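Dear colleague,

Please find below the structure that I am handing over to you.

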Amino acid sequence: MQAENHTDTTKELTAERLLLRIMKLEHTVQELRQESSFKDKEIRRLEGQMRDWQQVTLKLQSRVTKRI
C-alpha cells in the first residue's frame, strides 16, 4: 500500500513538474512572439525611413544632374 501511495505521489509530482515546465515554455513563447512583433514593427519602420531617404537621394541626384 505504501509503495502504491509513493508511486501515486511520484506521478503527481512529475505531472506537476511537467505542468510547470509547460507553463514556463508557454510564457517563453509569448515573450518571443512579443519580441518578434516588436522587431517586425521596427523593421517596417526602418524600411520606411530607408524609402524616405532613397526618395530624398533621388531628388538630390535629379537636381544635381539638371545643374550639370
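Arg45 counts as partly exposed because its relative accessibility is 41%; partly exposed lies between buried (under 20% relative accessible area) and exposed (over 50%), with a 1.4 Å probe and protein chains only as cover. The model is predicted, so local features need pLDDT of at least 70 and side-chain atom pairs count only at pLDDT 80 or more, while totals for chains, interfaces and linings use all residues. Residues are numbered from 1 along each chain as its sequence is written, and side-chain values use heavy atoms, with hydrogens and water left out.

The side chain of Arg45 forms a salt bridge with that of Glu42, at 2.6 Å from N to O. A salt bridge here is a side-chain nitrogen of Lys or Arg within 4 Å of a carboxyl oxygen of Asp or Glu. Side chains of opposite charge can pair when their charged atoms come close. The structure holds one salt bridge. Glu42 is also partly exposed, because its relative accessibility is 26%. Both residues lie in helix α1, three residues apart, which is about one turn of the helix.

The protein has one helix and zero strands, where helices (H or I, at least four residues) and strands (E, at least two) are DSSP runs, numbered from the N terminus. The C-alpha trace spans about 100 × 10 × 5 Å along its principal axes. The radius of gyration is 29 Å, whereas a compact globule of 68 residues would have one near 11 Å; this radius is taken over C-alpha atoms, and the globule rule is 2.2 Å times the number of residues to the power 0.38. Of the 68 residues, 1% count as buried.

Two surface patches may also interest you. Patches are made of residues with over 30% relative accessible area and no salt bridge; like charges are joined within 9 Å, and nonpolar side chains (Val, Leu, Ile, Met, Phe, Trp, Tyr) within 5 Å. Lys59, Arg63, Lys66 and Arg67 form a positive patch. Lys and Arg count as positive and Asp and Glu as negative, with His and the chain ends not counted; the place of a charge is NZ of Lys, CZ of Arg, CG of Asp or CD of Glu. Arg63 belongs to helix α1, residues 2–67, and is exposed because its relative accessibility is 54%. Leu18, Leu19 and Ile22 make a nonpolar patch of about 280 Å², with areas from the Shrake-Rupley method and a 1.4 Å probe, only the protein chains shown counting as cover for residues.

Yours sincerely
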